[in-house]
Each structure stands twice: as structure tokens, then as C-alpha cells.
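Subject: Handing over the structure

Hi,

Here is the structure I promised to pass on. Please have it open while you read my notes below.

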Amino acid sequence: MILIVDSGSTKTDWCFVYDKYTTHIIQTKGINPVVQSQEDIKQTIEDEFVNKSRHKEIDLHDVHHIYYYGAGCVADKKYIIEQLLKKVFHNNTTISVESDIMAACHALCGKEEGLVCILGTGSNSCLYDGQKMTLQTSPLGFILGDEGSGAALGKLIVNAVFKGLLPKQLCNSFTEETQLQLSDIINNVYRQPAPNRFLASLSQFAARHIDDDNIEQLVIMNFDQFIKNNLRQYVSYGAKPVINAIGSIAYYYSQQLQKAAESNGYTVGKILKSPMSGLIEYYTMTL
């Protein structure tokens, strides 16, 4: 049995696969070693994942290989995830830890080359040659970058609401629906853990009001900034201007992504809400 893990900042899916069949999927809180402490990650793995596995009567000793893909799994953070997983699984279990962008590469392109993007709570992108990333623009995280993400869209909405850039009726709808005042937002962003998740949660307001042209333009602006700041250099290196994207923001706002892409001379290729189905196909091809 293999275990494929898709971990974002908001949630983590743990998928047990045996002989090309999914046996169980367990969902826990998100894991991101860049913005979370080791203790917080340890608690998610040991308290949530292990307990839910026991409840489903899954024997973790049956897992012979773990393919873990996660947000924040940059070079100096992979070791943290690997060591925490080793405390749960036996010594004979092989553990492979890769970044979430590699999950997107494998799920979207398999063994073919392509321009790969993540547009979820955070954002990322790379040029993939069918085996490895050959070029990557640093996303810089939700404070300095992450254009196109849910967190970035949340920031655009907050700015538009509290700087009076939206019609008064929309601003009133925001405070009524979210039950948030400016002081609450400041507290959540500057004083509470996981501010990126909080900001991304505000992007749901856009989904409820996407028929309003003011809101749709904010969503398109978010994607436009992502394309201009992150994707242009790939085309200059010979990449086809075809955007393959994974993540809830790309999935739910696919029409707005299409509009932003077309205005910048790109087309949209494959879009997936989650990489898991693509990852299962990628790893079960040889089973």
C-alpha cells in the first residue's frame, strides 16, 4: 500500500492506495512548515491523522512508500516533514517529500512538459520538462507576492472595501456577511496564526458576488497580476503560453482566469481543483 499526501496551507488529504484502488482518504488541517511551528505540525500528524487512521482501522505498518507533497516544502523544510513522519511510520517505510508545485507538475502534466501553476490559498508556478522543474519564479509568499492566490484576492477585497473602492452596497454586504470589522481583520492578519488562510477565506465573498462587475474585475486583476509578474519569463524561455493550473481559485474562477489569460496572450489548458486524482493516476500507472 502507498500513501499519497497532498498538503496545502488550508487542508491536507492523506490518500491510501492499494493495487490502483483508493482505499481511504483522510483529511486533516493544512500543513506548511514555512508558516507553522514543528509542534503545530506534529500535533496535526499525531493527533488528527493517526487518530483518524485508527478510527478507520488502517494499519500504518502496511504503508511501504509515502509520497508527500506539501506547501512550504522548500529545500530546508523537507527534512522537518520527513522526520515527523518517521516518528509515525516504521523504519521500512520509504518517505519522499516534494513541494506542492511538483504535485501540480505530476498531476497536470504527468511525463509531458508544460507550464504549471498553483492557484489556491497561495500561488506558485514553474516550467516543467516532464521530469523536473527547469525554471521557477519565486512566489515570495502572501506578504510579498502570491499574486493570483486566494490570500491575494482576500487582500484586494479588503482594500477595496475599507478604502471605499467598491459601491457602498457591496461594502455593507461584506461586513454583514463576514461579520468582520476592520479591527477584526487587523487582529487576524497581524496578531493571529495562519493569516494567509484567513485572507484566503475572505475570497469566498467574491464567489458569492461574482456576477457583480466590480467583483469580477478584482478577480481578473488578481490573475492579471499573477500572469504578468510570474509567467512572462517562462515564455521567453520557449514555453508554450498555455496555463495549466491546480487549486480552488483556478477551479472556481476559471472563467475569470480565461479572460485574464486571453488579454495577456495566453490560453488555458488543464485545470484541476485538487491534484489527488492526477497523482493517483501518476503513481498507479506502474502498479
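First, some housekeeping. This is a predicted model, in which local features need pLDDT of at least 70 and side-chain atom pairs count only at pLDDT 80 or more, while totals for chains, interfaces and linings use all residues. Residues are numbered from 1 along each chain as its sequence is written, and side-chain values use heavy atoms, with hydrogens and water left out.

**Aromatic pairs**

The structure holds 10 aromatic pairs. Rings of Phe, Tyr and Trp (its six-membered ring) pair if their centres lie within 6.5 Å; planes under 30 degrees apart count as stacked, over 60 as edge-to-face and the rest as tilted.

Take tyrosine 67 and tyrosine 283: this pair is stacked, because the ring centres are 3.9 Å apart and the planes are at 25 degrees. The pair links distant parts of the chain, with tyrosine 67 in strand β4 (residues 65–70) and tyrosine 283 in helix α13 (residues 276–284), 216 residues apart. Helices (H or I, at least four residues) and strands (E, at least two) are DSSP runs, numbered from the N terminus. Tyrosine 67 has a relative accessible area of 17% and is buried; tyrosine 283 is buried too, at 15%. For these labels, buried means under 20% relative accessible area, exposed over 50%, and partly exposed in between (1.4 Å probe, protein chains only).

Phenylalanine 174 and phenylalanine 205 have ring centres 5.3 Å apart and planes at 85 degrees, so this pair is edge-to-face. It also links distant parts of the chain: phenylalanine 174 belongs to helix α6 (residues 168–178) and phenylalanine 205 to helix α9 (residues 204–208), 31 residues apart. Both phenylalanine 174 and phenylalanine 205 are buried.

There is a cluster as well, in which ring pairs link Trp14, Phe16, Phe49, Tyr68 and Phe89.

**A nonpolar patch**

Helix α7 (residues 182–190) gives the most to the patch, with 3 residues. Phenylalanine 162 is in helix α5 (residues 150–162) and counts as partly exposed at 31% relative accessibility.

**Asparagine 244**

Asparagine 244 sits in strand β9 (residues 242–246) and is buried, at 11% relative accessibility.

**Salt bridges**

A salt bridge is a side-chain nitrogen of Lys or Arg within 4 Å of a carboxyl oxygen of Asp or Glu, and the count comes to 8. Among them, lysine 11 and aspartate 13 meet at 2.9 Å, N to O. Lysine 11 is partly exposed at 35%, whereas aspartate 13 is buried at 8%.

Lysine 228 and aspartate 224 form another, at 3.0 Å. Both lie in helix α10 (residues 213–236), 4 residues apart, about one turn of the helix. Lysine 228 is partly exposed at 37%, and aspartate 224 is buried at 18%.

**Two backbone angles**

Aspartate 146 has a phi near 60 degrees, a positive value in a residue other than glycine. Aspartate 146 is in the loop between α4 (141–144) and α5, and is buried with a relative accessible area of 8%. Glutamine 179 also has a positive phi near 60 degrees. Glutamine 179 lies in the loop between α6 and α7 and is exposed, at 60% relative accessibility.

Best wishes
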